[in-house]
Amino acid sequence: MKGVILAAGYGTRMGEKPKGLIRVAGRELIYRTMKNLQKFGINEFIIVTNEKYRDLYEDFVKKHGFNAKVIVNPSPERGNGYSLHVAKGHVTGKFVLVMSDHVYEERFYELALKGEGLIADRRPKVVDVEEATKVKVKDGRVEDIGKELKSWDAIDTGFFVLDDSIFSITEKLSKEREVIELRDVIKEARVKVTFVDGLYWMDVDTPEEVKLARKIIVYSSVKGVGDGFISRHVNRKISTRISVLLVEHFTPNQLTIITFLFGIFSGLVNFFSVPLAGILYQISSILDGVDGEIARARMQTSRFGGYFDSILDRYVDFTFLLTLAYVTLREPLWWAIAALAIFSSAMVSYSTERFKGAYCADAYKAIPALRKVPGKRDERIFVTMIFTLLGWVKPLFALLAIWSTLRVAITVFLVRRGVND
């Protein structure tokens, strides 16, 4: 199945720039669309543009190595329905039709590609309903469509799963009318309607919408599973806002290094002020989520990035706990307890990372019960901050020694039970 992308507009509200090539969160809009469609098996594309932007889109396709053909709508003033008609002869059978200036979260693609016809949303999250194209549905098909509808059932998302029979409609309308809008084609064909409700998507027509799209991309790029309670309810609320500010300016690896250095610094601050060090350690935990959010938002995730980040996290934790022990503990017994706490804290992460190496799967996805076991890194760091602020260093090391060891034991038990099942 091919993907047809309409990109023939002149982008007048964007300073006459091709909207599909506008970079949002470090990536062109059309790049996001094509990469996400590739994840679901759509690897061949037809990009319909105008003569002015043809070279730009051809350079883009060549630069990124997409299997795509750029064709020109010789009369873009005839409307986006005519742009679809230009694709006649370039696709056969079933195909996906999308706009070059739309943003969708990944889950949207997954559900939409299982549907048929016009993909509509009955509960749009961020779209201005007054400006959106509304759809009236009857017997599962489009009865009416347009921005001015007073009575409507859903919003047109600009995503369609069609087949080449649609070109008989575009052929008919192209002979009857000078201007053919896509909504005219869809209404005439009375295409089926599939509902994909309440997910993030929007079209990007203005500079203000670029800012909103950047937020949507970052907020929908939060790690799916594996976050602890503190990450879900505290850290992510802060880190995503930081990521929105930084996503256009830093690569994920650059943020990993910056966060690592800040984490090491928090440990060294123990020599001057333990409470301040605890606060900085918690801040480093918040920042630790930024590189992953930016990697997913910029579509630059890599195995090395996750591997590298995990290694540096261990150095940060070791440095902080070791310096904390050095400046506060004197008795050999407490040094032994601190050593167990430091070792067991590292083993918490190792136990899940080693699962990935042994079973080639994410432990939190393969064994959902692990998500409910307290003691993830974000939770331990938050507790560390609280205890250092209260001056309870010895109780902290005792707690970490018991807590981390117990969590490792529970992880081993759940892995063994899960594998046996």
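A cavity is taken here as a set of grid points where a 1.4 Å probe fits but cannot get out, and its lining residues are those with an atom within 4 Å of a point. In this predicted model, the largest cavity is lined by Tyr 281, Asp 317, Leu 321, Ser 345, Arg 377, Arg 380, Ile 381, Thr 384 and Leu 400. Two elements, α11 (303-328) and α14 (377-390), each give two or more residues to this lining. The largest share, four residues, comes from α14. By class, the lining of the largest cavity consists of four nonpolar, two polar and three charged residues. The volume of the largest cavity is about 70 Å³.

The count of cavities of 30 Å³ or more comes to two. The second largest cavity holds about 30 Å³ of space. Its lining is made up of Thr 259, Gly 263, Ser 284, Asp 288, Asp 313, Val 316 and Arg 377. Here the elements that give two or more residues are α9 (252-268), α10 (274-297) and α11. The lining of the second largest cavity divides into one nonpolar, three polar and three charged residues.

The two linings can be set side by side. Three charged residues are found in the lining of the largest cavity, and three in that of the second largest cavity.

Terms used: Residues are numbered from 1 along each chain as its sequence is written. This is a predicted model: local features need pLDDT of at least 70, side-chain atom pairs count only at pLDDT 80 or more; totals for chains, interfaces and linings use all residues. Side-chain values use heavy atoms; hydrogens and water are left out. On a 1 Å grid over the protein atoms alone, a cavity is a set of points where a 1.4 Å probe fits but cannot get out, and a pocket is an open set with protein on both sides within 12 Å along at least five of seven lines; lining residues have an atom within 4 Å of a point. Grid points are joined across faces, edges and corners, and a volume is the space filled by probe spheres set on the points. Ala, Val, Leu, Ile, Met, Phe, Trp, Tyr, Cys and Pro count as nonpolar, Asp, Glu, Lys and Arg as charged, and the others, Gly among them, as polar.
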